[in-house]
Amino acid sequence: MASNSSGGSSDRQRIAQQRLRVIAGHLQRPVDGDSAVLAAEYKAQGEQPGSSREEKTVPRRRQEIMKWNGWGYSDSRFFFNKKGQAEFTGKRYKLSGLIIPALKDWFESTFGASLQHKTPATPILNSSAVHPPTLNETFVEELKSTGIPFSHDAEDRVFRAHGHCLHEIFALREGKFGRVPDMVIWPNCHNDVVKVVELASKHNVCLIPYGGGTSVSSALECPPEETRSIVSLDTSQMNHILWIDEKNLTAHVEAGIVGQDLERLLNESGYCTGHEPDSMEFSSLGGWVATRASGMKKNIYGNIEDLVVHIKMVTPRGVIEKSCQGPRMSTGPDIHHFIMGSEGTLGVVTEVTMKIRPMPEYQKYGSVVFPNFEQGVACLREVARQRCAPASIRLMDNEQFKFGHALKPQVSSIFTSFLDGLKKFYITKFKGFDPNRLCVATLLFEGDRERVLQHEKQVYDIAAKFGGLAAGEDNGQRGYMLTFVIAYLRDLGMDYYVIGESFETSVPWDRVLDICQNVKERIVRECKDKGVQFPPLSTCRVTQTYDAGACVYFYFAFNYRGLSDPVHVYEQVEHAAREEILANGGSLSHHHGVGKLRKEWMRETVSSVGLGMLKSVKDFVDPNNIFGNRNLL
Amino acid sequence: IVISRDKRDDFEDILEERRNSSDLRYALKCYTPVVYKGISPCKADALTNMVLQSSHLHYVISQVSKETGRAVDDVQDEASAILEEMAQRLQLSTIRFFAFTLSKVFKTLFRSICVNEEGIQRLQQAIQEHPVVLLPSHRSYMDFLLMSYLLYTYDLALPVIAAGMDFMGMKFVGEMLRMSGAFFIRRSFGGDKLYWAVFSEYVKTMLKNGYAPVEFFLEGTRSRTSKSLTPKLGLLNIVMDPFFKGEVFDMSLVPVSISYERILEESLYAREMLGVPKPKESTSGLFKARKVLSQNYGSIHVYFGQPVSLRSLAEGRVNRSQFSLVPRHIPKRPSEEIQNFVNDSAYMLVRAQEENMVLKPWVLLASLLLQNHHQSQAPGQKPGMALDELTERVVWLRDLSRQYGAFLHWPGTSRSADTTPEEELLSRAVIVLSCASYRNQALHVFLRPALLALAIHAAASTKKQEVFYSFSFLRNMFSNEFILVPGATVQDFEEACYLLVKTGALQITQQEVLVTERGHRTIVFLTSMLDPFLQGYQVRATHSWSKSL
């Protein structure tokens, strides 16, 4: 199988060897520490390791390394090669350069799609299709004198006019642009931001803060009714760790830094924040604060609200911050909670002091197969009850389990494929699991070696009570990998008439099963009612556990051949699914935020009084609506 | 206004096949019904365990124990006993026994049992998709045996049926019914929290698990007058609860209209109403009643209506998130919003039953004869009516009721029944009341136009507003007498106007409501239709008034 060129084959050998080691390790447990795998390996590797540690991931001109009309890095994408096999390009990810043989069959059978029916994207951004900028001349004049870099280049503006909602990407692929910001500014530090906000207030210019651009709530869309000049304030160049305090285990960081840089830089000093949202390659610290983000390993490190010690935010009224770094205060309602989740409606977060932890000594993936989803949920509930959740524990339903399987790279030897066959036989024939009902939980343990092993045993013992069988590290790892490549897969689907998206909620434990079942069924039914010709993929997973409930993620995609306005159909179905979530006792959002996509439900979510409270804060802090993205309220 | 009824399905006679093939083979046939989403059927015992272990029951048990100071175990035992008394023990062998004997009985009693097979197909579809609630009309003890018999015949999942405790008095028969899927509820258990908890949890458990379709009678009891009774809401509340709380995705409510040409209990009912006590349900009584076997009760029409999706029904009317602030196992009094919704749905469903009730010519005849009978009571009138005149009138009435959307079954010929009087007066009264029962079967067709006709008659002027007031008053007065959807006065008024204008009986201008020349006859007929009720109310009112003086 001599295929594609250059470094690919050695890379593949390395990966194959590692896979072998992982599987062998699983079969002859317990093994030595060298099978520990770092989470970082599964995300893209930032450029060439070693060459220039100081180099940051995000340049001012993002389009140099990232797609303007899809997810992630320009060099990384899925495609079907001439043989009809799926391949992932580039060198950044473990999956890069690999062939994924089962994906095509899964794709075609799940969606009724065909490789013959393509819907390619517009290849090049046509600048002339972008509206010319509406500039506020006096603002621009004064801005020039400050020396802060800015641009009104069409590409720069288009790049900052969207997040990653389906309708946003779909429009870009068709080369359609709505209202886009009139200019982009790149402040370099807190003081730059203060100057920009002052000027904006003075000249009545609308500011929209922009961090990583990974929003999935229409938060970055420019309000079409906005008549003022809109300025996108890109924080990406404010990306330094200003200090690390080892005595208090805190780090003071500029808010524009993206997750992968923050972790990489802290790792160099032996620390980490442990905050790993699925979008961490691209999303920024400021964005996390502004949307109340949640990380995969929150069980150990906490969500963003637990991690933040101090926040500095620039508002039209001035700078808001606390006077000290006390770990807890009883000083009235916590002002941090006005800032966290404000979604760019009050100001720009410029600097954050965060808790840090020493890097874990040992990490271990794991997975458990359950005979059905009900048993899996019962097990997660028990793990939460005993408060012994590993760093991460996620439960995929049957459809996602199959999806995960379809993403297995080509196996490197007959031996491994034989082993896979053996495992499958053991689970389905010997243990009697129904392959159309079983589901899998993926686990990630972290800490010192001994405790991890002890912890692992505890969790596997609980799982066994619910009929769970340990299914190896490999399956676990692949589960987490899926997280990072799923957004790339959406782009592949969109090349072949398939559109989809994910959305999330949080819900009390006793309602988890019902909400999963009802929302999935609602999606299927709505698709049918709206004239979708093919059965949709409607699947979910439980991604976080809490004492009193869980976070549930839904994935939904369908083949839109035969529909005249697929995006509208998509939006109607998503709307119906959200209504179903709310009717079943789920929250409006666990961590994606509200943006403009979900704000119609804010009043019923927080009550009229609650909404009034938020509005009065907005009225005081930003009476002229300088931060005019119109999210949330 | 929704008068244009959908096209109704055709009927198949299921007795025909029974007359031509072996009943024994039929009773022993291979029975493999489709089930809800392919669940594996669970035993009746497993079901009671699930109920006893439910958090709902646990909660109520500990509550009752705290309130009364009784030991938890003690209350728990009581709950088990209640469940024991209540629970059905569906057994296929019993069903087969009934399949055999009922085949024999039905063939003797009835000329035909006609079923709309398309309705059966819809039901089969519904059973696979969502939990199903069967809601038959209730005119006779026969109803639920007949329902199970039909479902067995069509290889559909056998229902569990909510039955009154009265049957339990019948030794052996009670147990037989239990083994054919009946579960027994006390007629009244007002404030008994524990009883309510066991009962509701039991019904919900069967429903949620798709164990079997749940069947009950919205009217609560047999209508003695063939006129639909105002619906009881308790059970409907219970079955809807799992949907409100998100425990099931949807639920199909299937109205079933069972029309008898002649009800087995017809003279029994009439006597009951004249004060002859209702014979207590007993096995020996049943045995004595076998004399009915020698009579001909004509045909039965069973119409399985369009399954109503509870989800669509509740769309925009019920905010289900109101249930997200209290744990779902804690019983809570339904909010006003829910109560109104359940109430409206119940009326809607009874109307759906009424709509598909098949009317025989005799029903129309009875309506006319009774009017004639009442009029001929007046001095100087000679009783009776010439046959030609009657025929002419019936044909006229047939056409009128067709236009009003009635579901008529009009065969080529029909025989009239003859009776021999024993006690002169009593038997005459029995005939009149039995006739009334027949007439009542057609009441729903004429109800709204009749109310309007009466209103026009009673109103001070022909002003539309006045007529409406009078309509509204009458409607209000009769709200417990007939199925009149609460709060739908305006719709009913418009519907009645529409129908009367359609049949040329009325002319409606901006301000006025005028009876046309040729509409006179219709108006007189319609007014007379309500006459007995009006008189009844009048007598009752005068009585109460004179008493209170």
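Arg490(A) is located in helix 16 of chain A, which spans residues 472-494; helices (H or I, at least four residues) and strands (E, at least two) are DSSP runs numbered from the N terminus. The UniProt annotation "binding site", from an unreviewed entry, covers Arg490(A); such annotations may be inferred rather than shown by experiment, and their positions are given in the numbering used here, with feature names shortened. The structure is a predicted model, in which local features need pLDDT of at least 70 and side-chain atom pairs count only at pLDDT 80 or more, whereas totals for chains, interfaces and linings use all residues. Residues are numbered from 1 along each chain as its sequence is written, chains are lettered from A and ligands numbered from 1 in the order in which they are written, and side-chain values use heavy atoms, with hydrogens and water left out.

- Arg490(A) counts as buried because its relative accessibility is 16%, where buried means under 20% relative accessible area, exposed over 50% and partly exposed in between (1.4 Å probe, protein chains only).
- Beyond its neighbours within four places in sequence, Arg490(A) is in contact (heavy atoms within 4.5 Å) with residues including His164(A), Cys165(A), Leu166(A), Ile169(A) and Glu501(A).
- Arg490(A) and Glu501(A) form a salt bridge through their side chains, at 2.7 Å from N to O; the term denotes a side-chain nitrogen of Lys or Arg within 4 Å of a carboxyl oxygen of Asp or Glu.

**Chain A overall**

- Chain A contains 19 helices and 21 strands, and 59% of its 633 residues count as buried.
- Of the contacts in chain A between residues at least 6 apart in sequence, 77% join residues at least 24 apart.
- The UniProt annotation "domain: FAD-binding PCMH-type", from an unreviewed entry, covers residues 177-359 of chain A.
- That span is 23% helix and 25% strand, and its end C-alpha atoms lie 44 Å apart.

**Nonpolar cores**

- The largest nonpolar core has 106 residues, and Phe78(A), Leu103(A), Phe370(A), Leu395(A), Val512(A) and Phe558(A) touch the most other members.
- Helix 16 of chain A supplies the largest share of this core, 9 residues.
- Apart from this core lies another, of 60 residues, among them Val198(B), Phe243(B), Ile338(B) and Val485(B).
- A nonpolar core is a set of buried Ala, Val, Leu, Ile, Met, Phe, Trp, Tyr and Cys residues joined through side-chain atoms within 4.5 Å.
- Not counting residues up to four places away in sequence, Phe78(A) touches residues including Leu103(A), Val485(A), Tyr488(A), Leu489(A) and Leu492(A).

**Other salt bridges**

- Over all chains, the whole structure holds 67 salt bridges.
- Asp75(A) pairs with Arg92(A) in one of these, with the closest N and O atoms 2.9 Å apart.
- The two residues are 17 residues apart, Asp75(A) in the loop between helix 1 (8-27) and strand 1 (78-80), and Arg92(A) in the loop between strand 2 (86-88) and strand 3 (99-100).
- Asp75(A) is partly exposed, at 34% relative accessible area, whereas Arg92(A) is buried, at 10%.
- In chain B, a salt bridge joins Asp9(B) and Arg122(B), with the closest N and O atoms 3.0 Å apart.
- Asp9(B) precedes strand 1 (11-13) of chain B and Arg122(B) is in helix 7 (residues 117-129), 113 residues apart.
- A network of salt bridges links Arg522(A), Glu526(A), Lys530(A), Glu580(A), Arg311(B) and Arg320(B).
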